[in-house]
Amino acid sequence: MSDSKLTRRELLKKAGIGAAAVGVSGAAAPFSFAGPMKFKNRHLKGDLSIIQWVHFVPAYDDWFDNTWVKQWGEKNDVQVKVEHINNTLLDTRAAAEVAAQSGHDLFFNLHPMASYEDQVINHAPIIQEIQRKVGPYGDLGKKSTYNPKTKKYFAVSDNYVPDPVVWRRDLWNGIGEAPYTWDHVRKAAPKLKAIGHPIGIGQSQELDSNMALLAFMMCFGSFVQNAANRPTLNTKATIDAVKFMSEIYKSEDAAIFGWNPASNNNYLYAGTASMILNAISATRTPEDQHLPFADDLAIWPIPIGPHGRLGLEHVMGCYSIWKFAQNKENAQQFLVDLCVNYKQATDASKLYNFPSFPGAYPFKQIRKTAAADTHKPRGKYTILTTIAEKYTHNIGYPGTTNAAMDEVFSKYLIPQMFAQVSQGKMSAADSVKSINAQVKDIYAKWKARGKI
Amino acid sequence: MTSARRHKAVAYAVTIPFVIVLAFPFFWMAVTSFKPEAQVYDPTKVWSFHPTLANYGFLFHHTDYVRWLRNSSFVGLMVVLITLAVALPAGYALARLSGRVGRSMGVGIFLTYLVPPTLLFLPLSRVISQYFHLSDRLWSLIVVYPSFTIPFAIWLLMGFFKTIPQELEDAALIDGCSRLGALVRVVFPISIPGILTVVIFTFSLVVNEFVYAITFISSAENRTLTVGVPTDLIRGDLFNWPGIMAAILIPSIPLALVYNAFLNRFIAGFTGGAFR
């Protein structure tokens, strides 16, 4: 028996041969990877390289890569190359491209990159061209990509994503509640936790927590800045909001302090969460995977607070063209054509993306498409149009999205402000005061740079 | 209970919890990789589910998984070769020829290993793009990775070479070997544990590296495993957990086998410089 055993020496020999085989095949790798030219034997006008996220709705990427880009490239005789990366890596990639002064012709991000204003072209001519074809830029898009101080458009937003409340009707009905106001949420939270289904609003350094908490603050009349882009965080309304959320947290799971952008979704998909704030990918996945509670997932606008019902976009799709881009003209034309034909994109995204130029796909038409969605409860997506039209604001509302706000957002100061109170590390007043000091420093820095 | 049995029982009592803690992630990874995607989120299907190979099929038929593996292997092997080519003579020189200066330089070289890639990736982006013109090519990684593998390898080999008695080399020199000859014929053969440790450790570092890989490579055809998996198997807030687990499990198995095969030499390599 022992003769048939693989000795260590034999194993090493075989492993060596295997490693050599991998090495030899890999050595040829860089030379064999290049695929054939897209339009063989044609003289191309140029190239266009695009980098963007891996869309939450796979059907969108399928449409974008295999239909839209292909058709656009053939029509304009341009070789288009699209790279997709995970959304959390876009900022790192942008920083690297700026540092190298080299990169893609079109850079897509999920938030307006206001802090890179000096690195990008003025996108005003592109926006004017789109407006000429489909009507005015939506207010949300304009306030997200225009710097009134420098009179420069630092990006073009092709889309935004509404951020509804996703909640389990079966669980909420079971305790005789519904998340209509934040007061209802606070009262329902302990009961929901008692039945093993807490609500899931993150207080972590990640996108979903940032969006949920900023929107929550707005419902309490608390804003990071005013309409003139001056910091206004240190108010009684902010302290009240922070205290209120720490009350809600008492009925949440401590895991919310370590959440990532997938955590609230996973919490919902596991059947645990009774309510989260998230885009409709949170309902589409249970539908696609036929999860047992998929039909009980309802969509509502953000609950009403003392100041009213004020929500944010969940993500803001923005394309920027670097000053160092090699193919600016192709990039501009691509953007114009994409925004003008955005109906196809919205449909391909299963109503995830809403057009930033509303004339490209009027709300009335989107509402009709949403109403035709057959998922139960039937018509649940109709409200999405109302949310998009009435309750969706830009980051930095009532001001514009600017470099200072972008930095506050990117440093996750707002989740930090909430978390240190919920965790009992600070009082609400102290937490607001300490974060406000950092916010004021950031605003002073960008003011000195002439950007706000 | 006899003393031997008691000794054995204590050894097991100490070892088993460690084994469970360390092996459980791999076990969980394997279990999840065979689950249908819809059942991953179903708390009633944690252990009772219908195993499927669909996730492996998805990897091989609907993603560029084989290409990611090939790219990672290619970069790994090239970096191992470069690292050995530089670290072997450098480690030897610092151990043998420079005395106190060598020790100080050794510490200095090791300190460069401690500078994190998160600080270096921005300036290196410019170097790779503007000076080397290697953006979006696997060679950008092959050029950059030795910046953190070589310092560690030099430090490790330096410690190892110090354990080899000087008399052995002197004897070789007396017998007519040149210094290079003594190095190749005497020192390197008895340094195999140290060299193997460098090979395995360097390869593991390279295969696991993420920041440079995501920064310098953007095209799908040049992605390595660490970039390909989060790009193609995580769609924003939707994780393809079974696919991810399968994608990680596959390269884990040969790496675990190699570690196991060389375990004794690996330990000898790491501890070689620790005792004199």
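# Exercises on a predicted two-chain model

The axes of helix H15 (residues 363-371) of chain A and helix H16 (residues 382-390) of chain A come within 7 Å and cross at roughly 150 degrees. This is a predicted model: local features need pLDDT of at least 70, side-chain atom pairs count only at pLDDT 80 or more, and totals for chains, interfaces and linings use all residues. Residues are numbered from 1 along each chain as its sequence is written, while chains are lettered from A and ligands numbered from 1 in the order in which they are written.

**Exercise 1.** Describe how H15(A) and H16(A) pack.

*Solution.* 
- Start with the terms. Helices (H or I, at least four residues) and strands (E, at least two) are DSSP runs, numbered from the N terminus. Axes are lines fitted to C-alpha atoms, for helices over the stretch in contact, and angles run from 0 to 180 degrees between N-to-C directions.
- Classify the angle. Under 35 degrees counts as roughly parallel, over 145 as roughly antiparallel, 65 to 115 as roughly perpendicular and the rest as oblique. H15(A) and H16(A) are therefore roughly antiparallel to each other.
- List the residues in contact (C-beta atoms, placed from the backbone, within 7 Å). H15(A) gives Phe363(A), Ile366(A), Arg367(A), Ala370(A) and Ala371(A). H16(A) gives Thr382(A), Leu384(A), Thr385(A) and Glu389(A).
- Sort them by class. Ala, Val, Leu, Ile, Met, Phe, Trp, Tyr, Cys and Pro count as nonpolar, Asp, Glu, Lys and Arg as charged, and the others, Gly among them, as polar. The contact has 5 nonpolar, 2 polar and 2 charged residues.

**Exercise 2.** Which element gives the largest share of the side of chain B that touches chain A?

*Solution.* 
- Chain B brings 36 residues and chain A brings 43 residues.
- Look at the elements of chain B. Those giving two or more residues include helix H4 (65-96), helix H6 (117-131) and helix H14 (241-261).
- Pick the answer. H6(B) gives the largest share, 7 residues.
- The chain B side has 17 nonpolar, 12 polar and 7 charged residues.

Technical notes: Contact = placed C-beta atoms within 7 Å.
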